[in-house]
Amino acid sequence: MATQENQNVIVMRHGDRLDNFEELWVMKAERPWDPPLHQDGKIRAFCTGQKIRSSIDFPIHRVFVSPFHRCVQTAAEVVRALCDVADHSGESNVLSSNSDSVIIDPSKVKVSIEYGLCEMLNLVAVRAVAAPKDGDFKFSISQYESELPAGTVDNTVEPVYKKLPEWEESLESARARYVEVVKALADKYPSENLLLVTHGEGIGSIFTELNKDATVLEVAYCGHLYAKRSIQSGENQSFTAGEFIYKKQTGIISAAK
């Protein structure tokens, strides 16, 4: 017998990147194309995770994250907020800027790195002074997985993109990639609610896909959007999905085309 439910997806930009605060960091960094978060970015990410948790009426089951360091660190803070064992419902002043003392239940959310959510690999997004000369971004996935909260990583997941897109991809290709990956991940886990941590162009691409008469002007750090679709489950794990419907956003400035 067929049953119908909703699938919820939140797509989020990373927090404040270090090289926007410390300009000389690029000159001395071993991997200048992959800045970590500034401390303000970590605080913003954790607080955003708290706000998301307190504002939704559904659980987040899985988090998928771009392999760039700033996104992994953002996901780590958001996951700590989502997995906090403390029940803050009904409390006032529940938001804290410090995730260090949070005790988490790692069974609440599983996290995986997804190459397809990466930054646009071109000089529009990667600053020329920092771009790798050979196009090799040299990601250490195991190292970045170790920065995610213990017990939350699911590295058995088969990624949509097995490797990074080719260096100097076009703007159009990158935008199509973001839309493709979000749909592919949602289709892969139709019975689960997802949170995806990506980059500004990724947010813009999904927003305009859902709002075809709009143009995105700016996406704030940790800006995010929420969409949902209906899922009708059938026999033998089959399902029929409705179209994603845009519900709301935070930190996205747009204008009509």
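How do the residues of the lining of the largest pocket divide into nonpolar, polar and charged? The points below take up that question and then turn to other parts of the structure, which is a predicted model.

1. The largest pocket. The lining divides into eight nonpolar, seven polar and seven charged residues. The volume of this pocket, the largest in the model, is about 480 Å³. Its lining counts 22 residues, and those closest to the centre of the pocket are R175, G200, E201, G204 and S205. Three elements, α5 (171-188), α6 (200-210) and β5 (214-233), each supply at least two residues of this lining.

2. The second largest pocket. Here the volume is about 330 Å³, and the lining is made of 16 residues, with K183, E209, L210, E243 and F244 lying nearest the centre. Two or more residues of that lining come from each of β1 (3-13), α5, α6 and β5. Sorted by class, the lining of the second largest pocket has 10 nonpolar residues, one polar residue and five charged residues. A reader who has both pockets on screen can note that α5, α6 and β5 are named for the largest pocket and again for the second largest pocket.

3. The structure holds one cavity of 30 Å³ or more, and the volume of the largest cavity is about 60 Å³. Its lining consists of R17, D19, V26, P32, W33, R70, E119, A125, V126, R127, V129 and A130. By class, seven of the lining residues are nonpolar and five are charged, while no polar residue takes part. W33, one of the residues that line the largest cavity, also belongs to an aromatic cluster, which W33 forms together with F68, F137, F139 and W167.

4. Helix α2. This helix covers residues 39-55, and its 17 residues reach 24 Å from the first C-alpha to the last, which is close to the 24 Å expected at 1.5 Å a residue. The buried residues of α2 are G41, A45, F46, C47, T48, G49, Q50 and I52.

5. Strand β2 and its partners. Strand β2 (residues 62-65) is covered on both faces, with R62 and F64 buried on one side and V63 and V65 buried on the other. The strand pairs with β3 (residues 110-113) in the parallel sense over four bridges, and within this pairing R62 stands opposite K110. Strand β4 (residues 194-198) also runs parallel to β2 and is joined to β2 by four bridges, with V65 standing opposite V197.

6. Aromatic pairs. The structure holds eight aromatic pairs. One of them is formed by F58 and Y226, and this pair is tilted, at 5.5 Å centre to centre and with 35 degrees between the planes. Because F58 lies in the loop between α2 and β2 whereas Y226 lies in strand β5, the pair ties together parts that are 168 residues apart in sequence. Both F58 and Y226 are buried. A further pair, between F207 and Y246, is edge-to-face, with 5.4 Å centre to centre and 80 degrees between the planes. This second pair also links distant parts of the chain, since F207 is in helix α6 and Y246 is in strand β7 (residues 245-256), 39 residues apart. As for accessibility, F207 is buried at a relative accessible area of 5%, whereas Y246 counts as partly exposed at 25% relative accessibility.

7. Backbone points to check. Most residues other than glycine have a negative phi. Against that background, which residues deserve a look? E168, which is not a glycine, has a positive phi of about 70 degrees, and C222, likewise not a glycine, has a positive phi of about 65 degrees. E168 is found in the loop between α4 (141-145) and α5 and is exposed, with a relative accessible area of 56%. C222, by contrast, lies in strand β5 and counts as buried at 4% relative accessibility.

Methods:
Residues numbered from 1 in each chain as written. Predicted model: local features only at pLDDT ≥ 70, side-chain atom pairs only at ≥ 80, totals over all residues. Heavy atoms only, no water. Expected span 1.5 Å × (residues − 1). Buried < 20%, exposed > 50% of the residue type's maximum accessible area, 1.4 Å probe, protein only. 1 Å grid on protein atoms, 1.4 Å probe; cavity = no way out; pocket = protein on both sides within 12 Å on 5 of 7 lines; lining within 4 Å. Points joined across faces, edges and corners; volume = space filled by probe spheres on them. Nonpolar A, V, L, I, M, F, W, Y, C, P; charged D, E, K, R; others polar. Pairing = 2+ DSSP bridges. Phe/Tyr/Trp six-rings, centres within 6.5 Å; stacked < 30°, edge-to-face > 60°.
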